Structures are given as structure tokens and as C-alpha cells.
Amino acid sequence: MILTDGAYVTAQALVAARLGLSFPESRRADLERGLAGALRAVRTRALEPYLARLAAAPDDDPEWHRLAAHLTVGETYFFRDAAAFEALERHVLPALIAARRARGDRRLRLWSAACATGEEPYTLAILLDRLLPDFADWTVTLLATDLSARRLETARRGRYRAWSLRETPAEARARYFRPLRDGELELHARIRSRVAFAPLNLAADDYPSVLTDTTAMDLILCRNAMMYFTEAARRATAARLVRALAPDGWLVTSAAEASSELLAPLVPAGLPGVVFYRKAAPRAAAAIRVPAPDTAAPPPAPPAPRPPLAVAPARRPAAEPAAPSLARARALADQGRLEQARRECAAALARDRLDPEAHVLLAAIEQERGELGAALDALRRALYLAPDSAPAHFLLGALLIRRGERRRGRRALEAVLGLLERVPRDEVLPGSDGLTAGRLLETARAHLAAR
Ligand SMILES: C[S@@+](CC[C@H](N)C(=O)[O-])C[C@H]1O[C@@H](n2cnc3c(N)ncnc32)[C@H](O)[C@@H]1O
């Protein structure tokens, strides 16, 4: 296959728009190689019709998945970048854990975005296992997402070649892995079960959202993916990740991707050998104490102004409390203030018990609180009131699958497809954080393909 100038420009624009990936002239040969691999797999040489088919297909089409696998690098390993994991284990996670313990809230929400075959989120799970002897008393969400369904499948199996453990300390290797007869190493089921894998395209606009459980994160790792993005995709992704953080949350990128300008309004925090970024609201900054910056690390920039809230509470005199509102409950949930969000949502429901949107929001909040039973109850009520609510079916499917009820979960996700297939793609769904029908449809399809 020869990539003509015209086809190069078409393919470059298409891949940038859908996957966020950048193929400037210096990487034209990589794009050509990736396209040639994908064409071989579908046994054709005709590039132009193939590109036209891709342009007409939604992002979750299997052909997009195939091409993405040819165009992206899945290289990763356990404890990749020792300094980063040391800073996480010695400083960031203990500080987060201490802050949560101090306010009597045993909840942590961590996300490995672009997790490839799972080594990164599993390393986080190992660190937490070492740091939380009372793990059973905590509600920990450890979300791991990637564009590639095939890599997620490998991640779920939890079996690795020794090469994936090349930087793993001997103690962790002995404690958390079991050698198999074929030479592979299997991660203990206890650690595997703590990570929830899900498909997510960082270049798409379906996050942060309570529906995809991608809000109010205490810590996000997004390493070695954005460096391959176009400038526009990098900016849009960084802005969404910043929004997905809790008010005192941390964002970790690789050294090559870190940039104060890109990640504003996060504040750089120098830790031994690394620079991480945090969303330090003035009060939260006092609660999380970070050790003095390492001399090798750049000095921290002055604190950036606080980001505006998605929905700011209306100012009212103290004597006249504001009426409970779903918008405020959603804004509180997005900030990780889950108890207040639940109270606000319950108060809104007390005024109107027949509002299905309020029940869906309550379900999402209960999911974030780790109260899956209460979340399912709220969804049952939502579906009783609005049997055609696609967001309610979607959340139900995701929750059931998380509880191990795969068949029922798949049925609920299939219901989403049935409900949305004929809805205009750009119609915004009520009670869905502004998600469009097309985007929720693609997200549901991607979840079905990945399981
Ligand atoms: C080099 S791996 C990084 C793995 C891990 N984060 C690490 O640093 O070791 C890059 C991963 O980014 C994923 N990726 C590339 N573009 C993506 C996108 N638009 N959305 C989500 N994941 C993407 C690829 O599928 C691949 O698994």
C-alpha cells in the first residue's frame, strides 16, 4: 500500500478527530505502517474506500478498534518509573489516606486512564494493599480504562510474562504473583478483583460523568498516551481530566507530558525525583501536606486560581435556604462531596418523588459511595417511573457487571442500544451530564464489546 499525499491528509485528519492521535510528517511512516496492517487484516488493498468506511462508522465500530491497535503503542510494565511509584507510595497515597481517615470518610477513588494491559492499575492496587491493612473497611474505586478492547481483555486475565515484571521489586513479585506452568506469572485474584476495567476513548467527550463513574477522582494516572495526541486533543483531554478530579485530587503524567500550562489550574508539586499536579483548593491544600520540593525538581508555580464550579450554588441570605436542586446535587457529586450530594438529591426527591432523573442521579451518587445495593434500588425506582430511560439502563448494566452479574448487565446494556438506535445522535439525554444519545450509544456498545 502506498500512502499518497491526498490519502495521508484524509487519514491524518480522520485519526486526529476520532482518536486524538497525531501523525505529523515525521510520523507519516508510522501512519502508513498502521494503515497497511489494518488493511492486511481485512484483506484489502483499497485504502480510499477503507477510509470512507471508517469516516462513516461510529467510534465504537470494530474497524476503529482494529485500526487503533495498529496505531498505538501498548508498551507498559509493573512499577514503570520507580520514582513515580515511590512518590505515590510514600507521599501521595499516605497523605490522601490520612486526610480521609481524619474526616472519617474511608473512600478513595483512583483512575488509571490509558491503562493498556493493566500493569499500571494493578501496581496501584498492590501499593494500596500495602498501605491499607484495613482495606476491607474502605470503599475503594480503582478504575482502569483504555481505548483498546483487546488490551483490556488481557488486563482482566491478569497473567504476565516475566518481562512485564522486570522492574518489580522481588518482595512484591513473591508476595503477589504465582508462577504458572507455562512460565507466566498470575497476579493474585484478590488484587485483580480490586480493579474495574472499562473502555474509554480519552479523545471523546463522555467524561467526566457520573454515568461512567469518572468524576471526583482522588488520583488519576494518565501516562504515556497524551504524548501521541494532537495539540487540540491534548488540551481537551487535559481539561476533562482536570474536571474529573476531586477538589484535592492529584494528576500524574509522564515527565515528557507534564506541563503547567497544559494542566492549569493544577499546581505542580515537586516530590523526590518527580513532579505531580494537584487540584489544591485553599482549604484542601492545608489538609494535604507535601514534603519540601526535591532540589532536582522545578520550583512549584504560585497557586492558580480555583476553577469555577460547574454549577455554583446560588447566593442567598442565611435565613432563606435555597430550594434543593438536582443541579446542585450533581455539582456536589462532581466535587466528591458525596454525603452532601446525597442529602441534596434526597431533599429534591422529597419534593418530587416522581422525577426519574433524580433517582438516576441518586443511583450514581450511591455508586460512587460504594453502596451498590442502594444504587440498584434507586435505579429500579427510576425504571419504574421511566422504563425508557437509557441512562438508567446504562447505569444498571454497568453496576450489575461490576457485581459480577454479567448476563443481566449485558441485557441492560443491550436495552440501551435498542432505545437509542433511532434517537438523533446529537440529542442530549435528560439526566446524563450533557451526554448525547450517540455518545451513550457508543459507550454502551464499547462496554458490550469489552466484556
Ligand atoms: C504506552 S501505553 C501506556 C500504558 C501505561 N499508562 C503506562 O504508562 O505504562 C498507551 C496506551 O494508550 C492507549 N490510548 C491511545 N490513545 C488513546 C485514546 N484516545 N483513549 C484511550 N486510550 C488511548 C493505547 O491503547 C495504549 O494502551
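Pro208 sits in the loop between β6 and β7. Helices (H or I, at least four residues) and strands (E, at least two) are DSSP runs, numbered from the N terminus. A cis peptide bond joins Tyr207 to Pro208, with omega at about -5°. The structure is a predicted model, in which local features need pLDDT of at least 70, side-chain atom pairs count only at pLDDT 80 or more, and totals for chains, interfaces and linings use all residues. Residues are numbered from 1 along each chain as its sequence is written.

The loop between β6 (196-199) and β7 (217-221) also holds Asn201. Asn201 counts as buried because it has 23 C-beta neighbours inside 10 Å. The cut-offs are 20 or more other C-beta atoms within 10 Å for buried, 12 or fewer for exposed, and partly exposed in between, with C-beta atoms placed from the backbone. Leu19, Asp59 and Leu147 touch Asn201, residues up to four places away in sequence not being counted. Contact here requires C-beta atoms, placed from the backbone, within 7 Å. Asn201 and Ala363 are 162 residues apart along the chain, and their C-alpha atoms are separated by 24 Å.

Ala216 is found in the loop between β6 and β7. Its phi is near 50°, a positive value in a residue other than glycine. Ala216 is buried, because 25 other C-beta atoms lie within 10 Å. Most residues other than glycine have a negative phi, and most peptide bonds are trans.

Arg43 has a positive phi as well, near 55°. Arg43 lies in the loop between α2 (28-41) and α3 (47-56). With 6 other C-beta atoms within 10 Å, Arg43 is exposed. A cis peptide bond also joins Ala264 and Pro265, with omega at about 10°. Pro265 belongs to the loop between α11 (260-263) and β9 (267-271).

Arg18 lies in helix α1 (residues 5-19). Arg18 counts as buried, with 21 C-beta neighbours inside 10 Å. Its contacts, not counting residues up to four places away in sequence, are Asp59, Trp64 and Ala203. Arg18 and Ala204 are 186 residues apart in sequence but 7.5 Å apart in space, C-alpha to C-alpha.

Ala38 is found in helix α2. Ala38 is buried, with 22 other C-beta atoms within 10 Å. Leaving aside neighbours within four places in sequence, Ala38 contacts Arg66, Leu67 and His70. Ala38 and Glu25 are 13 residues apart in sequence and 20 Å apart in space, C-alpha to C-alpha.

The ligand has 22 residues around it, of which Thr76, Ala114, Ala116, Leu147 and Leu202 come nearest. A residue is near the molecule if its C-beta atom, placed from the backbone, lies within 6 Å of it. The shell divides into nine nonpolar, seven polar and six charged residues. Ala, Val, Leu, Ile, Met, Phe, Trp, Tyr, Cys and Pro count as nonpolar, Asp, Glu, Lys and Arg as charged, and the others, Gly among them, as polar.

The chain is divided into domain 1 (5-71), domain 2 (82-287) and domain 3 (326-449). These bounds come from an automatic or database domain assignment. The C-alpha centres of domain 1 and domain 3 lie 34 Å apart.

The largest nonpolar core has 129 residues. Such a core is a set of buried Ala, Val, Leu, Ile, Met, Phe, Trp, Tyr and Cys residues joined through C-beta atoms within 7 Å. Ile220, Phe276, Cys345, Leu395, Val416 and Leu440 have the most contacts inside this core. Helix α17 (residues 390-402) gives the most to the core, with nine residues. Leu440 touches Ala390, Pro391, Phe394, Val416, Leu420, Leu429, Ser432 and Leu435, not counting residues up to four places away in sequence.

Helix α17 is mostly covered, with twelve of its 13 residues buried. Among the buried residues are His393, Phe394 and Leu395. The buried residues of α17 pack against α15 (356-368), α16 (372-385), α18 (406-420) and α19 (437-449). From first C-alpha to last, α17 reaches 18 Å, close to the 18 Å expected at 1.5 Å a residue. The expected span is 1.5 Å times one less than the number of residues. Just after α17, Gly404 takes a positive phi of about 90°.

Technical notes. Two residues are in contact if their C-beta atoms, placed from the backbone, lie within 7 Å.
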